[in-house]
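Here is a short briefing on charged pairs and a surface patch. Look over the sequence and the model first, then read on.

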Amino acid sequence: GHLALSATRRPRVEILNGNGVAGSAVPIAEILVAEGFYVFRSGNADHFDHPTSQVIAQGEDAAADAREAAAALGIVEVLLQARAPSGVVDVSIIVGTDLAPREG
């Protein structure tokens, strides 16, 4: 493959596993990368009991990016982290059990 360079800004996203199923971030990352996002990091959420996935805009300036990510993933609600937004990523995504891959 070749490295595709773009002159446009790519929103930075973190994907956090909130369901405990290994590999849950992979299909989410593939969708977002195809939509032009930069997956900056992935890891685990604060717990694995998130029933629904969440898209969180890290500050008001990232709200449009968060809405675009939510639309790509089929998530209706977008939350806003206005009080103490991340200075590292634009959008945080917590993958809940609703988007967990089926095992088997």
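Arg9 is exposed, with a relative accessible area of 53%. Arg9 forms a salt bridge with Asp65 in this predicted model. A search of the whole structure finds 3 salt bridges.

**Arg9 and Asp65**
- The closest N and O atoms of Arg9 and Asp65 are 2.6 Å apart.
- Asp65 is buried, at 12% relative accessible area.

**Arg12 and Asp90**
- Arg12 pairs with Asp90 in a salt bridge, with the closest N and O atoms 3.2 Å apart.
- Arg12 sits in strand S1, and Asp90 in the loop between strand S4 (78-80) and strand S5 (91-95), so the pair ties together parts 78 residues apart in sequence.
- Arg12 is partly exposed at 30% relative accessible area, whereas Asp90 is buried at 13%.

**Glu14 and Arg41**
- A salt bridge joins Glu14 to Arg41, with 2.9 Å between the closest N and O atoms.
- This pair links distant parts of the chain: Glu14 is in strand S1 and Arg41 in strand S2, 27 residues apart.
- Glu14 counts as buried, at 10% relative accessibility.
- Arg41 counts as partly exposed, at 37%.

**Nonpolar surface patch**
- Tyr38, Phe40 and Val88 form a nonpolar patch on the surface.
- Together they have about 240 Å² of accessible area.
- Phe40 belongs to strand S2 (residues 38-44).
- Phe40 counts as partly exposed because its relative accessibility is 37%.

Terms used. Residues numbered from 1 in each chain as written. Predicted model: local features only at pLDDT ≥ 70, side-chain atom pairs only at ≥ 80, totals over all residues. Heavy atoms only, no water. Patch = residues over 30% accessible without salt bridge, like charges linked within 9 Å, V, L, I, M, F, W, Y side chains within 5 Å. Areas by Shrake-Rupley, 256 points an atom, 1.4 Å probe, with all protein chains shown as cover. Salt bridge = Lys/Arg side-chain N within 4 Å of Asp/Glu carboxyl O. Helix = DSSP H or I, 4+ residues; strand = E, 2+ residues; numbered from the N terminus. Buried < 20%, exposed > 50% of the residue type's maximum accessible area, 1.4 Å probe, protein only.
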